[in-house]
Amino acid sequence: SPNRDKSIQSLIHEIQLATGLGVPFLVLHPGSHLGRGEETGIKQVVAGLNEVIRATRHSPVRIALENTAGQGSCLGCDIAHLGAVYERVKQPERLGICLDTAHFFAAGYDIRTPKGWNAAIHEVETRIGLKEILSFHLNDSKAGLGSRVDRHEHIGKGKLGKATFRHIVNDARF
């Protein structure tokens with residue numbers, strides 16, 4: 001589709017700019033399946049990433065896939081989606097992960113307790129690997145657990161609360 005082609009060209013251009021600036025990675029939402037189902041969507045994402053990676057093969061810039069809230073037909077709300085992309089892309093070493101706390105929560109991962117946080121991180125570790133986590137987006141959430149609504153809030157003013165961020169920022173693994 002013209003939209004898809006435009007997105008791919010835009011990402012290639014962004015990677016070229018990042019390469020010139022010495023930026024180590026770009027954060028990217030994986031995209032949407034647009035009602036065609038998760039499996040079809042994941043295949044499209046993998047095909048697009050393979051195309052972009054091939055076109056920028058001399059660049060060291062990595063693409064950090066961000067977990068999503070799961071709004072609409074967005075992919076990436078389930079860590080399994082990101083794991084599937086990692087498994088299928090031809091050069092997974094060009095990928096990375098960005099974890100967004102508000103998106104985790106909206107997608108149904110209850111990270112408010114250390115136990116819930118550890119369970120979510122364990123899933124990332126099992127499906128992808130901790131060394132692949134390149135960044136965190138630390139955001140509180142206006143939306144409730146499992147709402148699949150992407151609405152960020154200032155830390156301590158949303159449904160996650162300050163205590164959540166206390167155990168996250170003190171996680172010795174990071």
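The protein contains six helices and six strands, in a model that is predicted. Along the sequence these elements follow the order α-β-α-β-α-β-α-α-β-β-β-α. The C-alpha trace extends about 45 × 35 × 30 Å along its principal axes. A compact globule of 174 residues would have a radius of gyration near 16 Å, and the value for this protein, 16 Å, agrees with that.

Other totals describe how the chain is packed. Of the 174 residues, 44% count as buried. Among contacts with a separation of 6 or more, 74% join residues 24 or more positions apart. The accessible surface is about 9,000 Å², and carbon and sulfur atoms make up 53% of that surface.

Helix α3 is a place to look at the interior. This helix covers residues 79–88, and because seven of its ten residues are buried, it is largely enclosed by the rest of the structure. The buried residues are Ile-79, His-81, Leu-82, Gly-83, Ala-84, Val-85 and Tyr-86.

Next come the cysteines. No disulfides are found anywhere in the structure. Cys-74 has Cys-77 as its nearest cysteine by sulfur position, at 8.2 Å, and takes part in no disulfide. With a relative accessibility of 26%, Cys-74 is partly exposed. Cys-98, by contrast, is buried, at 0% relative accessibility. The closest cysteine sulfur to that of Cys-98 belongs to Cys-74 and is 15 Å away, which is too far for a bond.

Charged side chains form another set of links. Side chains of opposite charge can pair when their charged atoms come close. The structure has seven salt bridges. One of them joins Arg-112 to Asp-110, with 2.8 Å from N to O. Both partners count as partly exposed: Arg-112 has a relative accessible area of 36%, and Asp-110 has 29%.

A further salt bridge lies within one helix. Glu-123 pairs with Arg-127, and their closest N and O atoms are 3.3 Å apart. Both residues belong to helix α5 and sit four residues apart, about one turn of the helix. An α-helix has 3.6 residues a turn, so residues three or four places apart point the same way. Arg-127 is partly exposed, at 43% relative accessible area.

The salt bridge between Asp-171 and Arg-173 has its closest N and O atoms 2.7 Å apart. Here Asp-171 is buried, at 11% relative accessibility, whereas Arg-173 is partly exposed, at 38%. Elsewhere, salt bridges link Arg-62, Lys-131 and Glu-132 in a network.

Two loops remain to be described. Asn-139 sits in the loop that runs between β4 (133–137) and β5 (140–141). Its relative accessibility is 17%, and because the limit for a buried residue is under 20%, Asn-139 counts as buried. Leaving aside residues up to four places away in sequence, Asn-139 touches Asp-100, Thr-101, Ala-102, His-152, Glu-153, Leu-160 and Phe-165.

The other loop, between β6 (152–153) and α6 (161–169), holds Ile-155. This residue is partly exposed, with 40% relative accessible area.

Note on methods
Residues numbered from 1 in each chain as written. Predicted model: local features only at pLDDT ≥ 70, side-chain atom pairs only at ≥ 80, totals over all residues. Heavy atoms only, no water. Buried < 20%, exposed > 50% of the residue type's maximum accessible area, 1.4 Å probe, protein only. Contact = heavy atoms within 4.5 Å. Disulfide = S-S within 2.5 Å. Rg over C-alpha atoms; globule rule 2.2 N^0.38 Å. Areas by Shrake-Rupley, 256 points an atom, 1.4 Å probe, with all protein chains shown as cover. Salt bridge = Lys/Arg side-chain N within 4 Å of Asp/Glu carboxyl O.
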